[in-house]
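Work through these exercises with the structure open beside you. Try each task before reading its solution.

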Amino acid sequence: MNKLVNKIKSIGTQKVAALLALIVIYLFFFLMSPAFRSMSTLVSIFDSSYYIGFMAIGVTFVIVTGGIDLSIGTVLICSALTGGVLYEKGVPLWLCLIIIVLCGTFFGLCNGIMVAIMKLPAFIATLGTMMVTRGLGSIITKTKSITFPLRTSNDGWYKSIFRTGSTEHFPSGFPTGIILLLLFMIAMTIILTKTKPGRYILSLGSNKEATRLSGVNIVKWEILAYVISGTFAGIAGIAYAAINSTLMPGTGNGFELEAIAGVVIGGTSLAGGVGTVIGTIIGVFIMCVLKTGLPFIDLQPHYQLLITGIVLIIAVYLDVRNRKRKSS
C-alpha cells in the first residue's frame, strides 16, 4: 500500500486525479447514454481534441516558464487562413501546409522577442499579438471565408492525416490524428524532461534569477518556449483545416482559453516550474469528453463552460495548496 501511495506521489497527485476524473467522466456518459457509446461519438471526441491538443502541448512550454500565451487561438486561425489564401491563388497544398506552420513559428518568435528581450509582460505582449493576428486574418481574406480542398478532391489527401475515409469497421473514418497527437505528446515529453533545452525551460519557471546566475542564457530558452508554442499553434491550424474545410476569419476566439484550461487541469502550475505534456493531454480530453457528452444527457454545450470553469478552479486551488505545502 505504501509503495502505491509513494508511486502516486512520484507521478503527482493532481495528475493522477486528472486521469481518474477523465475515466469517471467518460464512464458517466457511457452509462447514461447508449448513443454516446457509438464509434462516431468517439471519433467526434478525437476530432475536437486535435487542434486544442496541439495548441495545449505548445503552450505547456510557455506556462512552465511562468509565462502565458494568449495569442495561440488567433495565430491558429491566421496561419490557416494564410495557407488557405495562398492555396486559392494556386500555391501547391504541401507548400501551403508548411507555410501554415512557419506562420505560427513566426508569431511565436515575435512573442518570444517581446517577452524575453523587450521585457514586455507576457500577458500584454501576447494579447497584442492576439489582436494583430485577428486583424490580419480578416485583412488577408477580405473578411471572406476560405475553403480548403475537400476529401474527394485531388488535394484531399491531407485530411487523412487526421481521419481516414469511412470503412466497414469505422463508418466515421479511423481517427489517425490521435496517433499523431500521441506521437507528438511522447516526443515533447522527452524534450521537456530529458533534454537540456527542456530542463532549462523548466528551470526558468522554478527560479529565473538562479537559472541566470548559473550561467544559462535565459533569453534564448525563453524565446524558444514561445517559438514552440507558435509552431504548435500552426500545426493546430492544419488540424483545424483538416476537420473543418471552411474557415471564417472571426473564428479562433476562445481556443486559447480551452488549451490553457487543459494545461492547468492536467497539473501544470501557472506559477511555472511544474508541468507535464502527458498531463496536458489528459486535461484536454477531459474538456473534449465534456463538450461531446453533455448534449447526450440533454444539456447544451454551454454547460461545458460552467463545468470546465469549476474543474479549472479546483485544479488551480490544488496547485496553490501544493505549493504552499512545499514552501512550508
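**Exercise 1.** In which loop is the place of G250? Then decide whether G250 is buried or exposed.

*Solution.* The model is a predicted one. Step one: find β2 (246-247) and α11 (255-265); G250 is in the loop between them. Step two: take the relative accessibility of G250, which is 53%. Exposed means over 50%, so G250 counts as exposed. Step three: compare positions with V115. G250 and V115 are 135 residues apart in sequence. In space, their C-alpha atoms are 26 Å apart.

**Exercise 2.** Classify the ring pair of Y51 and Y240, and say which helices it ties together.

*Solution.* A pair of aromatic rings is described by the distance of the centres and the angle of the planes. Step one: a search of the whole structure finds 16 aromatic pairs. Step two: take Y51 and Y240, whose ring centres are 5.0 Å apart. Their planes stand at 80 degrees. Planes over 60 degrees apart count as edge-to-face, so the Y51 and Y240 pair is edge-to-face. Step three: place the residues. Y51 lies in helix α3 (residues 39-63), and Y240 lies in helix α10 (residues 218-243). The pair therefore ties together parts that are 189 residues apart in sequence. Step four: check burial, which means under 20% relative accessible area. Y51 has 10% relative accessibility and counts as buried. Y240 is also buried, with a relative accessible area of 10%.

**Exercise 3.** Which residues do ring pairs link into a cluster with F30, and which residue has its charged end over the F30 ring?

*Solution.* Step one: follow the ring pairs. They link Y26, F28, F29, F30, F36 and F296 into a cluster. Step two: look over the ring of F30. The charged end of R37 sits there, 5.3 Å from the ring centre.

**Exercise 4.** Describe how α4 packs with α6, and how α3 packs with α7.

*Solution.* Two packed helices are described by the angle between their axes and the distance between the axes. Step one: take helix α4 (residues 72-88) and helix α6 (residues 122-141). Their axes come within 8 Å and cross at roughly 25 degrees. Angles under 35 degrees count as roughly parallel, so α4 is roughly parallel to α6. The crossing of α4 past α6 is left-handed. On the α4 side, the contact residues include T74, V75 and C78. On the α6 side, they include T129, M130 and R134.

Step two: turn to α3 and helix α7 (residues 176-194). These pack at an angle of about 10 degrees, with axes 10 Å apart. That makes α3 roughly parallel to α7. Here too the crossing is left-handed, with α3 passing α7. Among the residues in contact are F46, Y50 and F54 of α3, and L180, F184 and M188 of α7.

**Exercise 5.** At what angle do the axes of α8 and α10 cross, and which residues meet?

*Solution.* Step one: the axes of helix α8 (residues 196-206) and α10 come within 9 Å and cross at roughly 100 degrees. Step two: angles of 65 to 115 degrees count as roughly perpendicular, so α8 is roughly perpendicular to α10. Step three: list the contact. P197, Y200, I201 and L204 of α8 meet I218, W221, E222, L224, A225 and I228 of α10.

**Exercise 6.** Where are K119 and T143, and what is the phi of each?

*Solution.* Step one: K119 is in the loop between α5 (93-117) and α6. T143 lies in the loop between α6 and β1. Step two: K119 is not a glycine, and its phi is positive, near 60 degrees. T143 is not a glycine either, and has a positive phi of about 60 degrees. Step three: check accessibility. K119 is exposed at 57% relative accessible area, and T143 is exposed at 60%.

**Exercise 7.** Where is S160 found, and what does S160 contact beyond its sequence neighbours?

*Solution.* Step one: S160 is in the loop between β1 (146-147) and α7. Step two: its relative accessibility is 35%, so S160 counts as partly exposed. Step three: leave aside neighbours within four places in sequence. S160 is then in contact with R151 and T176.

Terms used:
Residues are numbered from 1 along each chain as its sequence is written. This is a predicted model: local features need pLDDT of at least 70, side-chain atom pairs count only at pLDDT 80 or more; totals for chains, interfaces and linings use all residues. Side-chain values use heavy atoms; hydrogens and water are left out. Rings of Phe, Tyr and Trp (its six-membered ring) pair if their centres lie within 6.5 Å; planes under 30 degrees apart count as stacked, over 60 as edge-to-face and the rest as tilted. Helices (H or I, at least four residues) and strands (E, at least two) are DSSP runs, numbered from the N terminus. Buried means under 20% relative accessible area, exposed over 50%, partly exposed in between (1.4 Å probe, protein chains only). A charge sits over a ring if NZ of Lys or CZ of Arg is within 6 Å of the ring centre and within 35 degrees of the ring normal. Axes are lines fitted to C-alpha atoms, for helices over the stretch in contact, and angles run from 0 to 180 degrees between N-to-C directions. Angles under 35 degrees count as roughly parallel, over 145 as roughly antiparallel, 65 to 115 as roughly perpendicular and the rest as oblique. A crossing is left-handed if the near helix is turned anticlockwise from the far one by less than a right angle, and right-handed if clockwise. Contact means heavy atoms within 4.5 Å.
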